[in-house]
Amino acid sequence: MKQRSLGKSILIYGGASMLAVFWFGPFVLVALASVVPQTSLATFPAHWFRDPLNLQTYDYIFTGKVPTSYEQRGALRSMISSEVRDVPRAIGNSFLVATAVMLINITLGSLSAYAYARIRFPGRAALFSFVLFSRLIPTVAVAIPYYLIVQRLDLINSYWALILIYSVLTLPFTILVLTLYFRGIPAEIDEAAQLEGASHWRILRDIGIPLALPSIVGAGLFAFMLSYGEFLFALFITTTRERRTLPVVLGALSANTDVSWNMIMAAITLGTIPTLLLAFPVWRFMVRGLTSGAVRG
Amino acid sequence: MRSDELAGTTVTQPLAGAGAVPRGRRASDWPTGVIMVAPVALLIAVFFVYSTYRAVYQSTRIESPIFKPRYVGLQNYRDMLDGRFFRQASENSIVFVLAVVPTLLVLGVLVALLLNEPFRGNTALRIGMILPWALPAAVAGLVWKWIFLDGWGALNGILGRIGVIDDPIAFLGEPRLARLAVVLVFVWAQLPLASIFLLAAVQSISPDLYEAASLDGASAFGRFRTITLPGIQPMLLIVALFELLMAFTNFDLIYALTQGGPGTATTMVSYFAWAESFRKLNFGAGAALAIMIALAALVVILVLMQAMPKGALVDDDR
């Protein structure tokens, strides 16, 4: 490696620091605010560390025990909205729906992609274009019609409605990625298998899926993330508190002027954990390909 | 390692040439193929055909809980196009797109070049950059709403504490600042994706080219202009297209951060279409707006596709 000039080093580390503060600063603030008592948080200029930090917001979300800083002044008790206690269930709902969508993407998406890439059938090119094109229409444009479809199927306020809609939204992308991938697998491999009498189902199971696994997992993760955080459809399809997903509950909290912000920040911190548990290992795996290129120069 | 390929193809969606699908080998295989694609194709077809039909039908009618539904032809379209609020929302959308897309491209290239340099913390930055992107837009809006809050938001509190300001600033209460805030948050959320794509493009350029240019005595900026920029041009177009669509259809963020306000300062067309349908329950007008948005998006995509060099998106030979 060549020696770098001092000026260039300053530029690089300065830029990296600024970027880190810009990207991660808000997350640090959110995590911090979730353990600051509301009375200290609502100060200008900020005196967040006036009273000791505590985990009472989390305690309230899980057990309903009202934080002491609210009890001190009876008048402030209304600042708590019981809606924040819906957060754990909402995380569960979001997680359930997102996992189902991810599984649908992985199974049906792989099947479709393999066929588009490897099998000749009538109307293949047209169908492939149609599937991709369908996703280009902005979601706001299809919101009402999708709602009517769900209504006609009698699925309002059900997980199935969300799973169906999110599958329609995510499958085109998954199919695109996986089709490109399957096309990249040398034809000789499955030609040999075909000569030995293996069916396409077996080739997909024994050759295609194992080879394409990283792409399949990556596409599945994208589908999961979109479904976990989707807001527009979840907002009007879930009509009872029991069914609401995380973005809807948080959206309701933000509209409620009575709720305290340290509660919201605790809710956001909790809500971010499941995606990160899933996303970090996959993302690391995906980024490693790019990282290895960096040392090359 | 195929992950770079995955990242590289993420936004090629609009343009994957159907003709690029290679031919299968046995004609008798076709029933298997049809069975394999049928579940997804049917699901998408049902949603697509019905929603298109429904949106067109509804846009030609007065549909609201108050009035008796009736056919009105193109009246909804005319009403929307003539209305002051639609013009305001379109202007806001255009200004927003013109602000965020170039910003994302410039910053994206800078971040890609930065991450292409070896330095301590590089990997941490690359892995951590998934955070802003993974945070759902609705939640990101909420986080930043608190940061920008009028009385004692994080930014006001911190600025007040270190003595920069004496009185809180109404970041989201003043039209110009609110617009800036929306741009900032959108860039915050989208920059990771833009830079990781551009990084992939930067790294696909052969190091030999740079070496040759160095030997010829080209300056750092000269090398950037003659080698890097042409090398990443296809990816720049893809990112521009993708971010343009994201910016144009951006809804969750506005809903959580500003609710289109103050006044109509941050009301953009997709938020306007939503409000028309679900706030005012004026479903006919909402559908007309939605169709116009879809058509506008289509026109933009087609224009940008013309600008795309042939073969930039789908490698036909693979």
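## Fold and chain contact

Of the 297 residues of chain A, 49% count as buried (20 or more other C-beta atoms within 10 Å of a residue's own, with C-beta atoms placed from the backbone). This is a predicted model, in which local features need pLDDT of at least 70 and side-chain atom pairs count only at pLDDT 80 or more, while totals for chains, interfaces and linings use all residues. Residues are numbered from 1 along each chain as its sequence is written, with chains lettered from A in the order in which they are written.

Chain A comprises 13 helices and 0 strands (DSSP runs of H or I with at least four residues, and of E with at least two). The radius of gyration of chain A, taken over C-alpha atoms, is 25 Å, well over the 19 Å from the globule rule (2.2 Å times the number of residues to the power 0.38), so the chain is more spread out than a compact globule.

The contact between the chains (C-beta atoms, placed from the backbone, within 7 Å) takes 101 residues from chain A and 101 residues from chain B. On the side of chain A that touches chain B, helix α13 (residues 261-294) gives the most, with 18 residues. The classes on that side are tabulated here; Ala, Val, Leu, Ile, Met, Phe, Trp, Tyr, Cys and Pro count as nonpolar, Asp, Glu, Lys and Arg as charged, and the others, Gly among them, as polar.

| Class | Chain A side touching chain B |
|---|---|
| Nonpolar | 72 residues |
| Polar | 21 residues |

How values were computed
Contact = placed C-beta atoms within 7 Å. Buried ≥ 20, exposed ≤ 12 C-beta atoms within 10 Å, placed from the backbone.
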